[in-house]
Amino acid sequence: GGGSGLIGNVTPGQLAAQLVVDGCIPLSDEAPLRGELHVHGAPLDKEARAKLDIEGASPDGNTLFFALGGNGVFWDLSYGLATVWFKGGDPTGAVSELEKALKKAYPKYKFIEEQKHPDDKDLRARFYIVDLTPPKLVSLEVAHTVAGARSPQFTVRVRPLKKPN
């Protein structure tokens, strides 16, 4: 109900953070989704999905597109891997939104490191670990461009793992 007015104020970074923290991570924990998404994703057909050429995605996965004004956020679910991304927008701001959402939902999350991309001076990779119901945990691999990059983009890969005994 009445949440449709809200979407005008949601940035791609906020939506991406919400999809990761309220969607991907609980799914990896076999837990119900948290909260309520204020937008609904449109499923892409196999053809449109194949054109996206998602790294590491299985051919049988599903992709949803959440339109936001002239932009939008993609959410792909494949076996054992969830990917959330957008192009344009504010990738650096999206990193802050993600960390804010993580802090609220999973206060014990761990930031592992940030690396510069070896081939692209505009790209950074950040790594996080979130402990879930033992022995489950997820790793978040975040790739984002720096402020002022020619083609801004933001990607989060959520990979479920199990703690070694």
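Reader: How do α1 and α3 cross, left-handed or right-handed?

Author: In this predicted model, the crossing of α1 and α3 is right-handed. Helix α1 covers residues 12-28 and helix α3 covers residues 91-105. Their axes lie 8 Å apart, and the packing angle is about 35°.

Reader: Which residues in α1 and α3 meet?

Author: From α1 come Gly 13, Gln 14, Ala 17, Val 20, Val 21 and Ile 25. On the α3 side they meet Ala 94, Glu 97, Leu 98, Ala 101, Leu 102 and Ala 105. Sorted by class, this contact has 9 nonpolar residues, 2 polar ones and 1 charged one.

Reader: Next, the sheet. In what order do the strands of the open sheet run?

Author: The general idea comes before the case. Strands of a sheet pair through backbone hydrogen bonds, and the pairing can be parallel or antiparallel. Here 8 strands form an open sheet with antiparallel pairing, in the order β1-β2-β3-β4-β8-β7-β6-β5. The edge strands, each pairing on one side only, are β1 (42-43) and β5 (110-116).

Reader: How many bridges join β2 to β3?

Author: Strand β2 (residues 62-68) and strand β3 (residues 71-78) run antiparallel and are joined by 7 bridges. Within this pair, Phe 65 stands opposite Phe 74 in β3, and Phe 66 stands opposite Val 73 in β3.

Reader: Which residue takes a positive phi in the hairpin of β2 and β3?

Author: Gly 69 does, with phi near 50°, and the hairpin has 2 residues between the strands. The hairpin of β3 and β4 also has 2 residues between its strands, and there Gly 80 takes a positive phi near 70°. The strands β3 and β4 run antiparallel and are joined by 5 bridges. In that pairing Ser 78 stands opposite Leu 81 in β4.

Reader: Why is β3 described as largely enclosed by the rest of the structure?

Author: The reason is a count: 6 of the 8 residues of β3 are buried, so the strand is largely enclosed by the rest of the structure.

Reader: Where do Ala 67 and Asp 119 lie?

Author: Ala 67 lies in strand β2 and is partly exposed, with a relative accessible area of 49%. Asp 119 is found in the loop between β5 and β6. At 70% relative accessibility, Asp 119 counts as exposed.

Reader: How is separation in sequence set against separation in space?

Author: Take C-alpha to C-alpha distances. Ala 67 and Gly 89 are 22 residues apart in sequence and 13 Å apart in space. For Asp 119 and Val 142, the separation is 23 residues in sequence and 16 Å in space.

Reader: Which residues have the most contacts inside the largest nonpolar core?

Author: In soluble globular proteins, nonpolar side chains tend to be buried together. The largest nonpolar core in this model has 32 residues, and those with the most contacts inside it are Ile 25, Leu 102 and Leu 140. Elements that give two or more residues to this core are α1, β2, β3, β4, α3, β6, β7 and β8. The largest share, 8 residues, comes from α1.

Reader: What does Leu 102 touch?

Author: Leaving out residues up to four places away in sequence, Leu 102 touches Val 21, Ile 25, Pro 107, Tyr 109, Tyr 128, Val 130 and Leu 140.

Key. Residues numbered from 1 in each chain as written. Predicted model: local features only at pLDDT ≥ 70, side-chain atom pairs only at ≥ 80, totals over all residues. Heavy atoms only, no water. Axes fitted to C-alpha atoms, helices over the stretch in contact; angles between N-to-C directions. Helix = DSSP H or I, 4+ residues; strand = E, 2+ residues; numbered from the N terminus. Left-handed = near helix turned anticlockwise from the far one by under 90°. Contact = heavy atoms within 4.5 Å. Nonpolar A, V, L, I, M, F, W, Y, C, P; charged D, E, K, R; others polar. Pairing = 2+ DSSP bridges. Core = buried A, V, L, I, M, F, W, Y, C linked by side-chain atoms within 4.5 Å. Buried < 20%, exposed > 50% of the residue type's maximum accessible area, 1.4 Å probe, protein only.
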